[in-house]
Amino acid sequence: LFSFGDEQRGKEYRISMLSDLSLDDKGIRKQLTDAALDSFSDLGTISDLTSGIMMSGATQGNASKAIDTSKIIMKAGAATGANPEEMDRALLQLKQSLSSGVLQGDELRSIKEQAPGVMMALSSGLNNLAKQGKLSSEFANVTIGDLKKLGAEGKLTSQVVIDAFGAAGKDVDDMFENMPVTFGRVVQTIKTLFQSIWTRVTDPNTVLGQMLRKALSTATAIS
(Lines give C-alpha, C1' and ligand atoms only; values in the text may rest on other atoms or scores of the structure.)
Protein backbone atom coordinates (compact mmCIF):
# COMPACT_ATOMS: atom_id res chain seq x y z
CA LEU A 1 0.00 0.00 0.00
CA PHE A 2 2.85 2.38 0.78
CA SER A 3 5.09 1.21 -2.06
CA PHE A 4 4.25 3.95 -4.57
CA GLY A 5 4.83 6.70 -2.03
CA ASP A 6 8.15 5.17 -1.00
CA GLU A 7 9.26 4.75 -4.63
CA GLN A 8 8.22 8.28 -5.57
CA ARG A 9 10.04 9.82 -2.62
CA GLY A 10 13.10 7.82 -3.67
CA LYS A 11 12.90 9.30 -7.16
CA GLU A 12 12.52 12.82 -5.76
CA TYR A 13 15.48 12.24 -3.43
CA ARG A 14 17.64 11.12 -6.37
CA ILE A 15 16.73 14.29 -8.30
CA SER A 16 17.54 16.36 -5.22
CA MET A 17 20.95 14.71 -4.85
CA LEU A 18 21.74 15.42 -8.51
CA SER A 19 20.58 19.03 -8.34
CA ASP A 20 22.40 22.25 -7.55
CA LEU A 21 20.07 22.66 -4.53
CA SER A 22 18.35 25.71 -6.03
CA LEU A 23 15.14 23.80 -5.24
CA ASP A 24 14.37 22.12 -1.93
CA ASP A 25 12.54 18.78 -1.73
CA LYS A 26 9.12 20.46 -1.55
CA GLY A 27 9.95 22.58 -4.57
CA ILE A 28 11.00 19.55 -6.58
CA ARG A 29 7.82 17.67 -5.63
CA LYS A 30 5.61 20.63 -6.57
CA GLN A 31 7.29 21.19 -9.92
CA LEU A 32 7.14 17.48 -10.77
CA THR A 33 3.44 17.38 -9.91
CA ASP A 34 2.70 20.54 -11.91
CA ALA A 35 4.63 19.16 -14.90
CA ALA A 36 2.77 15.84 -14.74
CA LEU A 37 -0.59 17.61 -14.55
CA ASP A 38 0.27 20.01 -17.38
CA SER A 39 1.31 17.15 -19.67
CA PHE A 40 -1.31 14.62 -18.47
CA SER A 41 1.54 12.31 -17.49
CA ASP A 42 2.13 9.74 -14.80
CA LEU A 43 4.02 11.27 -11.87
CA GLY A 44 6.44 8.36 -11.61
CA THR A 45 7.17 8.39 -15.34
CA ILE A 46 8.00 12.08 -15.51
CA SER A 47 10.13 11.74 -12.37
CA ASP A 48 12.13 8.90 -13.94
CA LEU A 49 12.67 10.96 -17.09
CA THR A 50 13.76 13.99 -15.06
CA SER A 51 16.25 11.83 -13.17
CA GLY A 52 17.66 10.51 -16.46
CA ILE A 53 18.08 14.04 -17.78
CA MET A 54 19.78 15.12 -14.56
CA MET A 55 22.15 12.16 -14.69
CA SER A 56 23.25 13.13 -18.21
CA GLY A 57 24.67 16.36 -16.82
CA ALA A 58 23.10 18.37 -19.65
CA THR A 59 21.24 20.71 -17.28
CA GLN A 60 24.26 21.34 -15.04
CA GLY A 61 22.29 20.38 -11.96
CA ASN A 62 19.34 22.66 -12.72
CA ALA A 63 16.35 20.61 -11.58
CA SER A 64 13.80 23.14 -12.86
CA LYS A 65 15.26 22.94 -16.36
CA ALA A 66 15.25 19.14 -16.26
CA ILE A 67 11.61 19.07 -15.15
CA ASP A 68 10.58 21.57 -17.83
CA THR A 69 12.40 19.51 -20.47
CA SER A 70 10.62 16.37 -19.28
CA LYS A 71 7.28 18.13 -19.57
CA ILE A 72 8.03 19.18 -23.16
CA ILE A 73 9.03 15.62 -24.10
CA MET A 74 5.89 14.13 -22.53
CA LYS A 75 3.68 16.68 -24.27
CA ALA A 76 5.37 16.02 -27.61
CA GLY A 77 4.73 12.30 -27.35
CA ALA A 78 1.10 12.76 -26.34
CA ALA A 79 0.44 15.35 -29.07
CA THR A 80 0.98 12.73 -31.77
CA GLY A 81 -0.99 10.00 -30.04
CA ALA A 82 1.68 7.89 -28.35
CA ASN A 83 0.03 5.72 -25.69
CA PRO A 84 1.64 5.12 -22.26
CA GLU A 85 3.25 1.83 -23.33
CA GLU A 86 4.77 3.40 -26.45
CA MET A 87 6.01 6.37 -24.44
CA ASP A 88 7.58 4.06 -21.86
CA ARG A 89 9.51 2.26 -24.61
CA ALA A 90 10.55 5.53 -26.25
CA LEU A 91 11.64 7.07 -22.96
CA LEU A 92 13.72 4.00 -22.10
CA GLN A 93 15.65 4.47 -25.35
CA LEU A 94 15.97 8.21 -24.79
CA LYS A 95 17.34 7.77 -21.27
CA GLN A 96 19.82 5.17 -22.51
CA SER A 97 21.04 7.55 -25.20
CA LEU A 98 21.39 10.40 -22.71
CA SER A 99 23.40 8.10 -20.47
CA SER A 100 25.72 7.12 -23.34
CA GLY A 101 26.17 10.75 -24.35
CA VAL A 102 24.80 10.60 -27.89
CA LEU A 103 21.48 9.79 -29.59
CA GLN A 104 21.93 7.55 -32.62
CA GLY A 105 21.26 4.18 -34.26
CA ASP A 106 18.70 1.80 -32.78
CA GLU A 107 17.74 4.21 -30.01
CA LEU A 108 16.94 6.95 -32.50
CA ARG A 109 14.95 4.59 -34.72
CA SER A 110 12.99 3.17 -31.78
CA ILE A 111 11.97 6.60 -30.49
CA LYS A 112 10.87 7.59 -34.00
CA GLU A 113 8.68 4.46 -34.24
CA GLN A 114 7.21 4.61 -30.74
CA ALA A 115 6.77 8.37 -30.27
CA PRO A 116 7.24 10.34 -33.51
CA GLY A 117 6.15 13.52 -31.75
CA VAL A 118 9.32 13.42 -29.67
CA MET A 119 11.40 13.40 -32.85
CA MET A 120 9.28 16.23 -34.27
CA ALA A 121 10.05 18.26 -31.17
CA LEU A 122 13.76 17.48 -31.45
CA SER A 123 13.99 18.58 -35.09
CA SER A 124 11.94 21.70 -34.33
CA GLY A 125 14.21 22.60 -31.44
CA LEU A 126 17.35 22.09 -33.52
CA ASN A 127 15.94 24.42 -36.17
CA ASN A 128 15.11 27.05 -33.55
CA LEU A 129 18.58 26.90 -32.02
CA ALA A 130 20.18 27.24 -35.47
CA LYS A 131 18.02 30.27 -36.23
CA GLN A 132 19.10 31.82 -32.93
CA GLY A 133 22.74 31.24 -33.84
CA LYS A 134 23.23 28.80 -30.95
CA LEU A 135 23.94 25.90 -33.32
CA SER A 136 25.71 25.82 -36.68
CA SER A 137 23.82 26.13 -39.97
CA GLU A 138 23.93 22.36 -40.52
CA PHE A 139 21.12 22.10 -37.96
CA ALA A 140 18.91 24.59 -39.82
CA ASN A 141 15.84 23.19 -41.60
CA VAL A 142 16.50 19.75 -40.11
CA THR A 143 13.74 17.21 -40.73
CA ILE A 144 13.03 14.01 -38.83
CA GLY A 145 14.71 12.14 -41.69
CA ASP A 146 17.90 14.18 -41.21
CA LEU A 147 18.23 13.11 -37.58
CA LYS A 148 19.56 9.67 -38.57
CA LYS A 149 22.53 11.24 -40.37
CA LEU A 150 23.23 13.68 -37.54
CA GLY A 151 23.08 10.82 -35.06
CA ALA A 152 25.43 8.66 -37.10
CA GLU A 153 27.90 11.55 -37.16
CA GLY A 154 27.72 11.79 -33.37
CA LYS A 155 26.30 15.29 -33.45
CA LEU A 156 23.19 14.60 -31.37
CA THR A 157 25.00 14.76 -28.05
CA SER A 158 23.08 14.79 -24.78
CA GLN A 159 23.70 18.52 -24.43
CA VAL A 160 22.45 19.29 -27.94
CA VAL A 161 19.38 17.06 -27.52
CA ILE A 162 18.34 18.54 -24.18
CA ASP A 163 18.90 22.11 -25.40
CA ALA A 164 16.85 21.34 -28.51
CA PHE A 165 13.90 20.01 -26.53
CA GLY A 166 14.00 23.15 -24.42
CA ALA A 167 13.96 25.32 -27.54
CA ALA A 168 10.92 23.43 -28.89
CA GLY A 169 8.69 24.34 -25.95
CA LYS A 170 6.42 26.82 -27.75
CA ASP A 171 6.03 24.62 -30.84
CA VAL A 172 5.11 21.63 -28.68
CA ASP A 173 2.65 23.69 -26.63
CA ASP A 174 0.92 24.78 -29.84
CA MET A 175 0.49 21.13 -30.89
CA PHE A 176 -0.55 20.01 -27.44
CA GLU A 177 -3.21 22.68 -27.00
CA ASN A 178 -5.03 21.44 -30.11
CA MET A 179 -5.53 18.01 -28.55
CA PRO A 180 -9.13 17.22 -27.57
CA VAL A 181 -9.97 16.62 -23.92
CA THR A 182 -10.46 12.87 -23.55
CA PHE A 183 -11.68 10.62 -20.79
CA GLY A 184 -8.20 9.14 -20.54
CA ARG A 185 -6.67 12.55 -19.87
CA VAL A 186 -9.21 13.24 -17.14
CA VAL A 187 -8.48 9.88 -15.51
CA GLN A 188 -4.72 10.56 -15.67
CA THR A 189 -5.21 13.94 -13.99
CA ILE A 190 -7.10 12.32 -11.12
CA LYS A 191 -4.45 9.60 -10.85
CA THR A 192 -1.62 12.16 -10.76
CA LEU A 193 -3.34 14.19 -8.06
CA PHE A 194 -3.81 11.04 -5.99
CA GLN A 195 -0.17 10.02 -6.53
CA SER A 196 1.02 13.42 -5.33
CA ILE A 197 -1.23 13.48 -2.26
CA TRP A 198 -0.42 9.87 -1.36
CA THR A 199 3.32 10.56 -1.60
CA ARG A 200 2.92 13.39 0.91
CA VAL A 201 0.60 11.73 3.41
CA THR A 202 2.61 8.50 3.59
CA ASP A 203 5.93 10.26 4.19
CA PRO A 204 7.41 8.53 7.29
CA ASN A 205 9.18 11.78 8.16
CA THR A 206 5.86 13.47 8.92
CA VAL A 207 3.55 12.96 11.89
CA LEU A 208 0.65 12.07 9.58
CA GLY A 209 2.73 9.51 7.74
CA GLN A 210 3.85 7.88 10.98
CA MET A 211 0.27 7.76 12.30
CA LEU A 212 -1.04 6.26 9.06
CA ARG A 213 1.62 3.56 9.00
CA LYS A 214 1.06 2.72 12.65
CA ALA A 215 -2.71 2.50 12.13
CA LEU A 216 -2.31 0.20 9.14
CA SER A 217 0.16 -1.99 11.01
CA THR A 218 -2.26 -2.28 13.93
CA ALA A 219 -5.19 -3.11 11.63
CA THR A 220 -3.13 -5.77 9.86
CA ALA A 221 -2.09 -7.34 13.17
CA ILE A 222 -5.72 -7.48 14.39
CA SER A 223 -6.97 -9.06 11.19
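**Entry 1: ground rules.** I am working from a predicted model, in which local features need pLDDT of at least 70 and side-chain atom pairs count only at pLDDT 80 or more, while totals for chains, interfaces and linings use all residues. Residues are numbered from 1 along each chain as its sequence is written, and side-chain values use heavy atoms, with hydrogens and water left out.

**Entry 2: helix α9.** I began with α9, which spans residues 158–167; helices here are DSSP runs (H or I, at least four residues), numbered from the N terminus. I looked up which of its residues are buried, a word that stands for under 20% relative accessible area, with exposed meaning over 50% and partly exposed in between (1.4 Å probe, protein chains only). The buried ones in α9 are Ser158, Val160, Val161, Ile162, Ala164 and Phe165. I then asked what covers them, and the cover includes α3 (43–56), α4 (63–79), α5 (84–100), α7 (116–131) and α10 (169–177).

**Entry 3: α5 against α9.** I took one of these covering helices, α5, and found that it packs with α9 at an angle of about 130°, the axes being 8 Å apart. That angle makes α5 oblique to α9, since under 35 degrees counts as roughly parallel, over 145 as roughly antiparallel, 65 to 115 as roughly perpendicular and the rest as oblique. The axes are lines fitted to C-alpha atoms, for helices over the stretch in contact, and angles run from 0 to 180 degrees between N-to-C directions. On the α5 side I listed Leu94, Ser97 and Leu98, which meet Ser158, Val161, Ile162 and Phe165 of α9, contact being taken as heavy atoms within 4.5 Å. By class, this contact holds five nonpolar, two polar and no charged residues; Ala, Val, Leu, Ile, Met, Phe, Trp, Tyr, Cys and Pro count as nonpolar, Asp, Glu, Lys and Arg as charged, and the others, Gly among them, as polar.

**Entry 4: Thr69.** I went on to Thr69, which sits in helix α4 and is buried at a relative accessible area of 2%. Leaving aside neighbours within four places in sequence, I find Thr69 in contact with Ile53, Ile162 and Phe165; Ile162 and Phe165 are also among the buried residues of α9.

**Entry 5: α2 against α3.** I next checked α2 and α3, whose axes come within 9 Å and cross at roughly 115°. Leu32, Thr33, Ala35, Ala36 and Ser39 in α2 meet Leu43, Ile46, Ser47 and Thr50 in α3, and the residues of this contact divide into five nonpolar, four polar and no charged. In the loop between these two helices I looked up Ser41, which is buried with a relative accessible area of 3%. Beyond four places in sequence, Ser41 is in contact with Ala36, Met74, Gln188 and Thr192.

**Entry 6: the largest nonpolar core.** I then turned to the largest nonpolar core, which has 49 residues, and noted that Leu122, Leu126, Phe139 and Leu147 touch the most other members. Such a core is a set of buried Ala, Val, Leu, Ile, Met, Phe, Trp, Tyr and Cys residues joined through side-chain atoms within 4.5 Å. At least two residues of this core come from each of α2 (25–39), α3, α4, α5, α6 (105–114), α7, α8 (144–152) and α9.

**Entry 7: Phe139.** I followed up Phe139, which is found in the loop between α7 and α8 and is buried with a relative accessible area of 5%. Setting aside residues up to four places away in sequence, Phe139 touches Leu126, Asn127, Ala130, Leu150, Lys155, Leu156 and Val160. I also noted that the C-alpha atoms of Phe139 and Asn127, 12 residues apart along the chain, are separated by 5.9 Å.

**Entry 8: backbone and a last residue.** Most residues other than glycine have a negative phi, so I looked for exceptions. Asn141, in the loop between α7 and α8, has a positive phi of about 60° although it is not a glycine, and at 65% relative accessibility Asn141 counts as exposed. Gln60, in the loop between α3 and α4, has a positive phi near 50° and is exposed, with a relative accessible area of 53%.
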